[in-house]
Amino acid sequence: MTPLDTKRPLQLNDQGQLRHFLSLDGLRRELLTEILDTADSFLEVGARAVKKVPLLRGKTVCNVFFENSTRTRTTFELAAQRLSADVITLNVSTSSASKGETLLDTLRNLEAMAADMFVVRHGDSGAAHFIAEHVCPQVAIINGGDGRHAHPTQGMLDMLTIRRHKGGFENLSVAIVGDILHSRVARSNMLALKTLGCPDIRVIAPKTLLPIGIEQYGVKVYTDMTEGLKDVDVVIMLRLQRERMTGGLLPSEGEFYRLFGLTTARLAGAKPDAIVMHPGPINRGVEIESAVADGPHSVILNQVTYGIAIRMAVLSMAMSGQTAQRQFEQGQFEQENAQ
Amino acid sequence: MSLPNPAELISQMATRLKAHLEHRGISDPRFIGIRTGGVWVAQALLKELGSDEPLGTLDVSFYRDDFSQNGLHPQVRPSVLPFEIEGQHLVLIDDVLMSGRTIRAAMNELFDYGRPASVTLVCLLDLDAGELPIRPNVVGATLSLAAHERVKLSGPELALELQDLAL
């Protein structure tokens, strides 16, 4: 086997195709557009009488969730099933880890079951990266969310939502609102929007919920909701992640809602055809008013549908990239032996 | 070797297709082109038939049997079938029939939309490679090529070109 080229990002193969999907950091616009285009085709599959294609027939996808999840886990399961793969889901928080098994041992056991792909969610930032680097080079690793770091499939499904409702990214103003500090979704969205050429990315949050160095993402920072929402095309609300908060970052949920909750009155400052997004689960009356979540601007449930298509695209592209890499290495090996 | 003129083939194919459908007693067929070349052939054929029937387009990338060798086609597009498949008489149109694998993938895909009453296969060229037992009902011309030769169709103005892989 050829040693890993340090100049090549871990998630790409030698031909620049996806072989893992860990983060949107460093991925080119063409690749993100290819993911969106492929997902568009899979969306059409979801509207058929038989919502299944034979692409991953005979492959095994293993969902390994070290952290709770409903939407991400079930949509990954559905995505894999619609590609005809066999799927097993492991909630590690309720299994061997509680009996003292280490992360590496758990994964080696799954590898021994001949899994072709792991979808991993973990509370620690960098977990998916670590697994891709150290555990199983021929198994594709898909990041289903790692700590505060990245949630790349959520980022891409948000991009698909924006593209399908707004047609593109070139002339858009997009505001990301709420708990930026704890949000891997915010990070993935900022990276994707920047790469896809969105000219006006805004984040709106109280100072205590903004990470240090947020400016490096090329975003405008607002601490006032009315000012930040003025004339935006897209509002991405984030969930207030109380479970990740230690110490007094917020006076109270009521106070947060009063200043940063998305209400009908506040939304009136955005463009008349603005769309409202939320990665879920939504906290009604904490970050978003019910009338907005259920209102005509909301595309929150469309996001769930698009999420399945994005996950189908990423699973099939990573599988495809793994196959190409194996053939490439095989070819090199044969060449070396022939010399 | 000289290649046939596609415009002449289309006119012959239109006549043969009409006769074929008449013979089978099919009065209201649904036309489907396989992306990309098959769609060009289908458009030319519908024009020749003077028909303004909607044309379905099929992208078989998700159904190909070579995914584990070649991976996913990078420019996959959604299939668009603007009519029911269930119970309908279909006319499936492709440009070049070689191994028959594309047609197999296309039929698998069509059956995921419903159970058609019949499928008529129309191809501009049949290269008679015969890897699978799939034969067209209506064909423009049958050619036999050397192993290193390929025919490529460009469109939407149909033009055929002979490619030599040995060069």
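Predicted model: local features only at pLDDT ≥ 70, side-chain atom pairs only at ≥ 80, totals over all residues.
Local features need pLDDT of at least 70 and side-chain atom pairs count only at pLDDT 80 or more, while totals for chains, interfaces and linings use all residues. Residues are numbered from 1 along each chain as its sequence is written, and side-chain values use heavy atoms, with hydrogens and water left out.

**View 1. Chain A meets chain B.** Here 22 residues of chain A are in contact (heavy atoms within 4.5 Å) with 16 residues of chain B. Together the two chains bury about 1600 Å², 61% of it on carbon and sulfur atoms; buried area is the accessible area (1.4 Å probe) that two parts lose on being put together, summed over both. Of the area that chain A buries against chain B, 33% is supplied by Ser41(A), Arg48(A) and Leu55(A), more than any other three residues.

**View 2. A salt bridge at the interface.** Take a look at Arg48(A), whose side chain meets that of Glu109(B) in a salt bridge at 2.7 Å, N to O. The rule (a side-chain nitrogen of Lys or Arg within 4 Å of a carboxyl oxygen of Asp or Glu) finds 1 salt bridge across this interface.

**View 3. Two cysteines, one in each chain.** Cys198(A) counts as buried because its relative accessibility is 4%, and Cys123(B) is buried too, at 0%. Buried means under 20% relative accessible area (1.4 Å probe, protein chains only). Over all chains the structure holds 0 disulfides, a disulfide being a pair of cysteine sulfur atoms within 2.5 Å.

Definitions and conventions:
Chains lettered and ligands numbered in written order. Buried < 20%, exposed > 50% of the residue type's maximum accessible area, 1.4 Å probe, protein only.
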